[in-house]
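Hello,

Here is the structure I promised to pass on. Please have a look, and my notes follow below.

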Amino acid sequence: MGLYIETTVRTDLETLWERSQEPDRHQRWDLRFTEIAYLPGAEGEPRRFRYATRVLPFLTVAGTGVSAGERHRAGGDRVSALRFFSGHPLSLLAEGSGYWRYVPTPDGIRFLTGYDYRPRWGRFGRAADRLLFRPLMGWATAWSFDRLRLWCEQGVTPERSRDRWLLEAAARLLLVVVPWAVASLPLGGLSLAAVPLTVLGLGAAVLVPPSSRTPAARRCLRVPPARTREPRLLATLEQP
């Protein structure tokens, strides 16, 4: 049940590499992380890093990882690989690994990731992961990839695209809540008329496509177009 996400970004390879590999830029667009920072290490060795995610205003879950990248490959593509681990007792994610590929094409850069992890908490953790956490992680990764695409292609900063998404989500919510609230009022005929409006509002909230300048997970490919292999680079990384 490994996760796979892919998008095409119409930008130059160096810009995409920098905004996805430099921690201060990466943490701006990736919804999965609140903070990413490299740890001290020897030059030329795989880079060790610390990551943190603020789950609640008073709760931050952190972990460590190690990553390495190949910028100069014979085919002109690039790849990076990582392994990560969290010892936080409230982190469902115990350890995992993954990779990113950057493949130039005539239409732009195919930017894709494949990763998997081991949940903790035994049977309960495995069930929670399958039913809730893993689908949420897949959505968050795809949404973040589209957020990065907007930044590279249209110059929409991650902060601005987040705000636009929140406004659009609020508008979709109002399409459902307002007719439902009217339908709940004791207004006779008006109440009956509001019922189909609630259904229409729900349909519009779900089916109306997002703005072209708003991140949307639905724009990303979630199933690999062909059988994929992990890069050999991943096998060279030790557990952090």
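Does tryptophan 139 count as buried, partly exposed or exposed? Tryptophan 139 counts as partly exposed because its relative accessibility is 31%, where buried means under 20% relative accessible area, exposed over 50%, and partly exposed in between (1.4 Å probe, protein chains only).

Before you go further, this is a predicted model, so to speak of local features we need pLDDT of at least 70, side-chain atom pairs count only at pLDDT 80 or more, and totals for chains, interfaces and linings use all residues. Residues are numbered from 1 along each chain as its sequence is written, and side-chain values use heavy atoms, with hydrogens and water left out.

Tryptophan 139 sits in helix α3 (residues 122-154); helices (H or I, at least four residues) and strands (E, at least two) are DSSP runs, numbered from the N terminus. Tryptophan 121 is not a glycine, yet its phi is positive, about 75°. With 40% relative accessibility, tryptophan 121 also counts as partly exposed.

Now the strands, which pair if DSSP finds at least two bridges between them. Strand β2 (residues 35-38) runs antiparallel to strand β3 (residues 47-56), with 4 bridges, and isoleucine 36 has tyrosine 51 in β3 as its bridge partner. Between β3 and strand β4 (residues 59-70), also antiparallel, there are 9 bridges. Phenylalanine 49 is bridged to glycine 65 in β4, and a hairpin of 2 residues connects β3 to β4.

Best wishes
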